[in-house]
Every structure is written in C-alpha cells, then in structure tokens.
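Hi there,

Here is the structure I promised to pass on. Please have a look at it first, and then read my notes below.

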Amino acid sequence: MRLSGKVAVVTGGAQGIGRSICETFEREGAKVVAVDMQKAEFESENITGYALNVTDRTEIEAFFKFMMDEYGKIDVLVNNAGITRDALIHKMSEDMWDLVIDVNLKGVFNMAQVIGPQMMEQGSGSIINIASVVGEYGNVGQTNYAATKAGVIGMAKTWAKEFARKGAAVRVNSVAPGYVNTEMMKTVPDKVLDPIREKTMLGRLGEPQEIANACLFLASDESSFITGHNLSVNGGLRL
Ligand SMILES: NC(=O)c1ccc[n+]([C@@H]2O[C@H](COP(=O)([O-])OP(=O)(O)OC[C@H]3O[C@@H](n4cnc5c(N)ncnc54)[C@H](O)[C@@H]3O)[C@@H](O)[C@H]2O)c1
C-alpha cells in the first residue's frame with residue numbers, strides 16, 4: 001500500500017473530486033480526515049468527516065488541535081475545496097469576486113499556514129493544491145476563479161521553497177484538472193461542454209478517480225523528488 005501509516009487531510013472531501021481522493025487514499029492505507037462545510041459520512045472507519053469552513057480561521061485552529069490530539073501528525077494536505085461564481089467581468093459583483101477569493105485562495109492559504117509549519121517540524125509532508133486548467137489558460141466568465149486557480153499554483157511554488165528550508169522534506173505541488181464529471185460541472189450547459197470535449201485530445205471529460213490518481217502519486221513517496229510542480233491532468237485539453 002502506497003500511503004501506509006500516513007495521515008491525510010482533504011478539504012472539500014464530502015463529494016466529487018475530494019471524496020474520490022479520500023477513498024483512494026484510504027484504500028492505499030492512509031487515515032483520512034475529510035473536511036467540508038458539513039460533516040460527511042463514509043463507510044470506512046479510516047475516513048473521518050469533520051465540519052469546517054476553510055475561510056474560518058478560528059475553526060481551523062480548533063481543527064488543528066483536534067488533528068494533533070487524535071493523530072499526532074499530518075503527512076498529507078490536499079487543498080481541494082473550491083467554488084465558482086461565474087460572470088463576465090462587467091457583470092461580476094464584488095460579492096462574487098470576494099466569495100471565490102475567500103474560499104479558493106484564502107482558504108488554501110489558511111490551511112497551509114497552520115499545517116505547513118507542523119510538517120516542517122515533523123521533517124516531512126506533502127501538500128497538494130487543486131488548481132484548474134482555467135488557472136493555466138484563462139476562461140471567459142471566470143475572472144475570479146481563474147485568479148484563484150493561478151494563485152494556488154503560485155502559492156504551491158512559493159511553499160515548495162519556504163517549507164523545504166531547514167532540511168525539511170516538505171513537498172508542495174499543484175494538480176490542474178481539466179473538466180471533470182462532478183456536481184460542479186452540472187452547472188455548465190452542454191453547449192459549453194461539447195466544444196470542450198471536442199478540443200480535448202481524449203475526446204471526453206475526466207473522472208474524479210483520474211484526478212485522485214494524480215494526487216495519490218504526489219502524496220506518496222513515489223514522487224519523493226518532485227516539488228514545486230504543477231501537474232496538468234486534462235486529457236490533452238491544453239498541450
Ligand atoms: N469538476 C471540475 O471539472 C474541476 C475542474 C478543475 C478544477 N476543479 C477543482 O477541483 C476541486 C473540487 O471540485 P469538484 O468538482 O469536486 O467540486 P464539488 O462542488 O463537487 O465539491 C467541492 C466541495 O468543496 C466543499 N466546499 C466549498 N466551500 C467550502 C468551504 N468554504 N469550506 C470547506 N469546504 C468547502 C463543498 O461543500 C463540496 O463538497 C475544486 O477546487 C475545483 O475548483 C474541478
């Protein structure tokens with residue numbers, strides 16, 4: 001098993017890509033804590049749901065204490081929680097901008113600010129920020145979302161440098177999915193998705209498991225010499 005003995009935290013773990021990451025890590029031997037707005041239920045006793053809003057710093061401090069009391073360490077952090085509030089820039093309200101920045105960008109900052117130093121103290125760890133192809137090449141109607149997804153790639157590269165100081169083997173990478181079949185995609189009409197399928201070399205959307213597989217590689221010791229990397233998992237949508 002590729003994550004035996006490891007403790008992993010996955011934000012947005014209740015559904016979609018996050019849930020698939022939780023279940024994949026668990027199958028590979030990790031103890032997993034799935035953080036989400038509401039406490040999620042799982043069949044395996046090795047996945048624990050925990051209600052936490054990644055924008056709430058007080059809740060995050062309490063969560064960190066819970067992790068240390070219950071598990072004593074955190075080996076893997078996947079910053080996966082994310083939302084969209086789409087509109088062309090001239091129609092994008094300040095609230096739409098603020099909300100997406102708060103969850104997708106500041107939420108990632110909040111979690112890493114608390115957990116990164118703990119990993120440095122432990123001497124090892126792997127942080128994975130879930131970005132998006134939209135952060136790599138932009139998208140009409142997603143000024144806020146593109147800004148956050150480009151931002152989490154930049155933060156991963158920065159933390160790859162910061163958290164590896166003092167001899168700590170803390171690796172930080174990002175994964176940039178293309179379009180993946182989840183609840184988030186249900187808000188996107190077929191007239192938008194059909195041309196995306198056509199432009200994707202593999203001719204289809206991705207599945208959550210295919211993103212989870214990339215995260216598994218970056219979480220495991222198989223990627224022990226990979227840090228500061230952005231791994232595009234998009235079926236060839238952006239070459
Ligand atoms: N689905 C895609 O095609 C796609 C493509 C590229 C990137 N992504 C990214 O992958 C990640 C997961 O996407 P998904 O499609 O599984 O989304 P989803 O909407 O199915 O799941 C997101 C989860 O995040 C949780 N969440 C939202 N705000 C939160 C907060 N403040 N605190 C804690 N949890 C919160 C939600 O409750 C939900 O369970 C997101 O970061 C998304 O931007 C998705």
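A definition to begin with: a residue counts as near a molecule or strand if its C-beta atom, placed from the backbone, lies within 6 Å of it. In that sense, 27 residues surround the ligand, the closest being Gly12, Gly16, Gly82, Thr182 and Met184. By class, this shell holds 13 nonpolar, twelve polar and two charged residues. (Ala, Val, Leu, Ile, Met, Phe, Trp, Tyr, Cys and Pro count as nonpolar, Asp, Glu, Lys and Arg as charged, and the others, Gly among them, as polar.) H1, H3 and helix H6 (183-186) each supply at least two residues of the shell.

Please keep in mind that this is a predicted model: local features need pLDDT of at least 70 and side-chain atom pairs count only at pLDDT 80 or more, while totals for chains, interfaces and linings use all residues. Residues are numbered from 1 along each chain as its sequence is written.

Now the chain as a whole. The protein chain has eight helices and seven strands, where helices (H or I, at least four residues) and strands (E, at least two) are DSSP runs, numbered from the N terminus. Its radius of gyration is 17 Å, close to the 18 Å that the globule rule gives for 239 residues, so the chain is as compact as a globular protein of that length. (The radius is taken over C-alpha atoms, and the rule is 2.2 Å times the number of residues to the power 0.38.) Buried residues make up 43% of the 239 residues; buried means that 20 or more other C-beta atoms lie within 10 Å of a residue's own, exposed means 12 or fewer, and partly exposed is in between, with C-beta atoms placed from the backbone.

One spot to look at is glycine 29, in the loop between helix H1 (16-27) and strand E2 (31-36). Glycine 29 is partly exposed, with 14 other C-beta atoms within 10 Å. Leaving aside residues up to four places away in sequence, glycine 29 touches Met1, Leu3, Ser4 and Gly5; a contact means C-beta atoms, placed from the backbone, within 7 Å. The C-alpha atoms of glycine 29 and leucine 3 are separated by 5.1 Å, although the two are 26 residues apart along the chain.

Best wishes

Definitions and conventions: Contact = placed C-beta atoms within 7 Å.
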